[in-house]
Amino acid sequence: MKKIYVSILLAMILLVSACGQSNEEYTVSEGSYSMKISEETDFLAPSVYISEGWFTFSYDLLSSYLSTGYYEISGDKLILKTDDNLYEFVFRIEDGSLFFQEDESSSVKLIDERFGIPIQDQAEFILGE
C-alpha cells in the first residue's frame, strides 16, 4: 500500500512540474523593425533589419561602424552578434515586437545625442508594414 502512495505522489509531482514548463517556441518575422517613438522628429528611428539568419542594426547616424552579423533565438531572447564578435545586442521577443535589453547588450550610446534618438532599456521595436 505504501508503494501505491509513493507512486501516486511521484506522478503528481511530475505532472505539476510539467505543467509549469513552457514549450512555447519564439520566432521573429523577417523585415525591418523600427523603434517606437512618442513624438515627431527629423531623425530616423533606430532600426533592426532581419533576413535569413542575418541582421543589420542601425542606431547612430554619426557612427561609421555598421552593426551586421548573425542572430540566434534563445528562449524569448533575440541575440544579435556582430560579424567581428565585438558587439552583442539582446532583445526580448513579445507579441511580434522586440524589446531592447540594455543590461544584456553592448552599449548603444550615441556619439552626439543632438543627432539621434537614444535607445532606452525596454524600448519597443515594431515590424514595419
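The stops below go from the overall fold to single residues and their partners.

This is a predicted model, in which local features need pLDDT of at least 70 and side-chain atom pairs count only at pLDDT 80 or more, while totals for chains, interfaces and linings use all residues. Residues are numbered from 1 along each chain as its sequence is written, and side-chain values use heavy atoms, with hydrogens and water left out.

Begin with the strands (DSSP runs of E, at least two residues, numbered from the N terminus): eight of them close into a barrel in the order 1-2-3-4-5-6-7-8, with antiparallel pairing, where two strands pair if DSSP finds at least two bridges between them.

Now select S34 in strand 1 (residues 31-35), which is partly exposed at 32% relative accessibility, a class between buried (under 20%) and exposed (over 50%), computed with a 1.4 Å probe on protein chains only. Leaving aside residues up to four places away in sequence, S34 touches P46, S47, E124, F125 and I126, a contact being heavy atoms within 4.5 Å.

From there, select E124 and K36, whose side chains meet in a salt bridge (3.8 Å, N to O), a term for a side-chain nitrogen of Lys or Arg within 4 Å of a carboxyl oxygen of Asp or Glu. Because E124 lies in strand 8 and K36 in the loop between strand 1 and strand 2, the pair ties together parts that are 88 residues apart in sequence.

Finally, select E72, K81 and E88, which are linked in a network of salt bridges.

How values were computed. Helix = DSSP H or I, 4+ residues; strand = E, 2+ residues; numbered from the N terminus.
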